[in-house]
Every structure is written in C-alpha cells, then in structure tokens.
Amino acid sequence: MPTSHRIRIVDAFSDRPFTGNPAGVLLLDAFPEDAWLQNVAAEVNHAETAFAHRLPAHGEADWALRWFTPTTEVDLCGHATLATAHVLQATGAAEGTVRFATRSGVLTTTAHADGNIAMDFPTAPLTPAEIPAGAAEALGAEPLAVYDTGANLGDLLVELADEKTVRALTPDHKALAQHSRRGIIATARAEDPGRGYDFVSRGFFPRVGIDEDPVTGSAHTALAPFWSERLGRAELTGLQASARSGLVRTELRGDRTVVTGRAVTVIEGELYA
C-alpha cells in the first residue's frame, strides 16, 4: 500500500469556492526528495502546490515552506502561502502568527478574527527598464512604463493605458515567455475606484508553466510600491482581473509589504504516492 498524505485544494484571495487562485497544500513530517515534490505539483496541476513541515521549537521560523508550479520550484508565492496559513489555522496546527522559512527568507503570516490573513513579504525593488524587443507585440499592448521587479520576483511590471486595455489582453504566451525571468505583470489604474479597488492587474508566467495566474500575491509586492507612489496612499486594494479574479489588500511599509486576503478550502482528500 503506498504511503498516503493529506492533501487540500484551497482557493486563495477569495471567501467563496471557484474564485481566487487555487493551490494545493500538503503538510508533511519532512520534505521528501525534490523529484517527488515536483511530481505531486505536476499531478495537482494548479499554479502552485505548497509543501510545509514543522520546524523545531525556539528557532527563527515555525514551519519550512516550499512552492512548486507544475514545472519548477519558485522563490516566492503569495497565494500558496496564504493557502498554507489558512490550512494551519483551520486544522489547529497553528494559531495567530506563523513564521515560515522559505527561499525568500522568513515570511510571517497573521490570521485575524474576521478570516483575513496578512502576509509580511519583502517589497520588490522597482527599477525603470526598457521593454524588450518583441515584448509589446507578444503582450498585445504598448506599455506606458516598464519596471524590473528585482531578483525575488524576476518579473517585468508593465503599466498600460487603462483598465479596459488590461482586461482585453490576449497575449501570445509562447512569445511572452522569452521576455522575463519569471513573468509579466500588466497593470493600470482602476477606471472607477468606487467599485472597491484602486488598480487592476493580470499576471502571465508561461516561463514557469503558468500562462495566466488567477491571483498573484507575490506580484503585489511590486504593485504596492508602484501604485502607492502614484496614488499617495500606503493602503490599497488591487483587483487581479483574471477569469476567476480576486481582491488583494496591500499596505506598503517601506522595505516590507503586507499582503492580505482570505481563503477557503474546497477539496480535502488523500494522496496515495
């Protein structure tokens, strides 16, 4: 009989099923070999699958956490961190604040009584950049401005003319994969802030096996400083305008960005492998 592991599918940055960004979550006793982790992520076939195990008491972190797309391990993933924190709280494995040891350093999540979970991430540094040759054609829109988001993300942040342009994008994903280390974040100011969000975005990551990510928490560590400077406020709400969509609250705190959202478990079962 193969070893079994409890596995959950959690919709992150949403409080209802079938919206937000789905992530697989497995709580383990230790990390098996990388090939097994990658195979599980490929089997789950969501944007990310998170694997976590408890660490010894009194260290700098409480849990070790890793994230895998269907094709590769990544350095930072917001929605799968949110999903993992949600599972820890829902199962009683942790309460309140949890410190995760990750490839991006120690990341902290804090669960609040209203169901929101706040994640303390490093703010992405933004450096003005030139649009690579062919990238605008691959994206399907001419950017107003382009920024490199630094080593942790490896994305290009691309400001477009308006919300309608962001929503209408139909990129050439194969061509787009040639133009960044991880992906392209397309963004614009909200057409009507009265709808409950300040800016819109979409995230395309074909280079790591994800043509379009439904809601990208890590991208908001770049979107937060970008829009906070332009809108003059530290606290903002972004709408990732994918087909599933999701709201992400951000608070810029200098070199740290707090990314907040909700999550809901939609599937729970056994993985026999």
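User: Which helix gives the most to the lining of the second largest cavity?
Analyst: In this predicted model, helix α3, which covers residues 135-139, gives the most to that lining, with three residues.

User: And what else lines the second largest cavity, and what is its volume?
Analyst: The lining consists of I131, A135, A136, L139, V158, L176 and I184, and the volume of the second largest cavity is about 30 Å³.

User: How do those lining residues divide by class?
Analyst: The lining of the second largest cavity has seven nonpolar residues, with no polar and no charged ones.

User: OK, what about the largest cavity, what's the volume there?
Analyst: The largest cavity has a volume of about 70 Å³, and the structure holds two cavities of 30 Å³ or more.

User: Which residues line the largest cavity, and what classes are they?
Analyst: Its lining is made up of E48, L76, C77, H79, R182, F205, V208, I210, D213, T216 and S218, and by class this gives five nonpolar, three polar and three charged residues.

User: Switching to packing: which residues touch the most other members in the largest nonpolar core?
Analyst: That core has 33 residues, and F13, W63, W67 and L82 are the ones that touch the most other members.

User: Which elements give two or more residues to it?
Analyst: The strands are β1 (4-12), β2 (21-28), β3 (48-54), β4 (63-68), β6 (97-102) and β8 (117-122), together with helix α2 (78-91); of these, α2 gives the most, with six residues.

User: How many residues are in the second core?
Analyst: The second core, which is separate, has 18 residues, including V146, L176, I184 and F204; L176 and I184 also line the second largest cavity.

Note on methods
Residues are numbered from 1 along each chain as its sequence is written. This is a predicted model: local features need pLDDT of at least 70, side-chain atom pairs count only at pLDDT 80 or more; totals for chains, interfaces and linings use all residues. Side-chain values use heavy atoms; hydrogens and water are left out. On a 1 Å grid over the protein atoms alone, a cavity is a set of points where a 1.4 Å probe fits but cannot get out, and a pocket is an open set with protein on both sides within 12 Å along at least five of seven lines; lining residues have an atom within 4 Å of a point. Grid points are joined across faces, edges and corners, and a volume is the space filled by probe spheres set on the points. Ala, Val, Leu, Ile, Met, Phe, Trp, Tyr, Cys and Pro count as nonpolar, Asp, Glu, Lys and Arg as charged, and the others, Gly among them, as polar. Helices (H or I, at least four residues) and strands (E, at least two) are DSSP runs, numbered from the N terminus. A nonpolar core is a set of buried Ala, Val, Leu, Ile, Met, Phe, Trp, Tyr and Cys residues joined through side-chain atoms within 4.5 Å. Buried means under 20% relative accessible area, exposed over 50%, partly exposed in between (1.4 Å probe, protein chains only).
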